[in-house]
Amino acid sequence: MNYTLILLITSIGLISNSSDTSGAFCENSEYILKQSKNAHDPDNEWGDAILSIRIQEPRLQNPQRYSVLTLNNKTGYFSLIRDSEVGKVERIIDEEGAPVVLVNGSTQIDEATVNEYRLGEDRNAGYRSFYELMYGLPMSVSEDKLAGIEEGGLLSLEGQEVYGVRIELKEAMISKHWVLYFDKSDYSLAALKFDHSEDSSRPDEILMFDGEYKVGEITIPRFRHWYHQESGEYRGSDVILKDLSDN
C-alpha cells in the first residue's frame, strides 16, 4: 500500500479556497461533474454495474478489518460480509428490497446480541447507501441525491490547483455538505471533503483518492485514505484488495 499521501498531508496544508460564490444548481459545476463522470465511466455503465470485491478497511482502533462487498446496481442486491466478535456477519438487501442479517449463516439471532452489536435489519439500508455512494464516485453523485450545487472554482489541494465543486446532499452521508476536487488535466476525482461547519464539535474530514480499479470500462479509485482536514491526522483507509467477480 502506498502511504506517500499521509506524509504529504501531514507536512502541508490540505486545502485553501479561492472562491466562495454559491448558487442553486450552477452550470459550471454541473459541467465539471459531468466531465468527471465521463472520464471515469465513458460508456455510462455504472447504472448496471456489479461490484464483487474484497476490501480492507483499517481504522486506528481496528487495523485488521476486512469485508466482502457485493453491489448489483441493476437488481439492487447488496451484501456486506464482515467478521465480528459474534462471528461472520452478513448484511443483505435482496432484489425485492428485503433486508436480512445473518450471523454465521443463520437469521436466528437473540435480541440481546442484536442490541449489543447493532445487528438490526433497519441498518442495512444505511450500509448500502454508504457503499453505493462511496464506491461509485463520481457517478453516484446523481441528481436525485442533490439538494444543490454551488458555483465551481479553482482550489488548492496539496499545493496543486484543482477544480472544486461544492454540493449539498438531500440526505446526509457523513455530512450533507461536500466539496469534490478534480484534477484539472483529466477531471479525475482527487479528493472529497466532508464539511461539518454546521456541527462545531466535529472536525472537517477529507478523503484522498489514489490508484485505479476497473469494473468493465469504469475506473474507480482503489485507495481511499481518511484524514482530519485541519490537523492532517490519519484516520483510516478503504482499499480494494481483490476482484471476486469470477469466484
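Strands here are DSSP runs of E with at least two residues, numbered from the N terminus.

**How confident is the prediction?**
- Of the elements in the protein chain, strand 6 (residues 99-103) gets the highest mean pLDDT, at 98, while helix 1 (residues 4-11) gets the lowest, at 33.
- Take care with residues 1-23, where the pLDDT is below 50. In the model, this stretch still has 54 contacts beyond near neighbours in sequence.

**A190 and its surroundings**
- Is A190 buried or exposed? Its relative accessibility is 19%, and the cut-off for buried is under 20%, so A190 counts as buried.
- A190 and F209 sit 19 residues apart along the chain, yet 5.4 Å separates their C-alpha atoms.
- Setting aside residues up to four places away in sequence, A190 touches L157, Y181, F182, D183, L207, M208 and F209.

**Helix 4**
- Helix 4 covers residues 124-135, which makes twelve residues. At 1.5 Å a residue it should span 16 Å, and because its end C-alpha atoms are 16 Å apart, the model agrees with that.
- Which residues of helix 4 are buried? They are N124, Y127, F130, Y131, L133, M134 and Y135.
- Here's a handy bit of background: an α-helix has 3.6 residues a turn, so residues three or four places apart point the same way.

**The nonpolar cores**
- The largest nonpolar core holds 42 residues, and the ones with the most contacts inside it are Y131, M134, Y135, I167, W178, L180 and L192.
- Helix 4 is the biggest giver to this core, supplying six residues.
- Apart from that core lies another one, made of eleven residues, including L155, V162, Y181 and I206.
- Back to L192: leaving out neighbours within four places in sequence, this residue is in contact with M134, L137, W178, V179, L180, Y181, E205, I206, L207 and F209.

**The largest pocket**
- The largest pocket has a volume of about 1200 Å³.
- It is lined by 35 residues, and R65, R82, R123, Y127 and Y131 are the closest to its centre.
- Which elements each supply at least two residues of this lining? They are strand 3 (66-72), strand 4 (78-84), strand 5 (87-93), helix 4 and strand 15 (223-228).
- Strand 4 gives the most to the lining, with five residues.

How values were computed
Residues numbered from 1 in each chain as written. Predicted model: local features only at pLDDT ≥ 70, side-chain atom pairs only at ≥ 80, totals over all residues. Heavy atoms only, no water. Helix = DSSP H or I, 4+ residues; strand = E, 2+ residues; numbered from the N terminus. Expected span 1.5 Å × (residues − 1). Buried < 20%, exposed > 50% of the residue type's maximum accessible area, 1.4 Å probe, protein only. pLDDT = per-residue confidence, 0-100. Contact = heavy atoms within 4.5 Å. Core = buried A, V, L, I, M, F, W, Y, C linked by side-chain atoms within 4.5 Å. 1 Å grid on protein atoms, 1.4 Å probe; cavity = no way out; pocket = protein on both sides within 12 Å on 5 of 7 lines; lining within 4 Å. Points joined across faces, edges and corners; volume = space filled by probe spheres on them.
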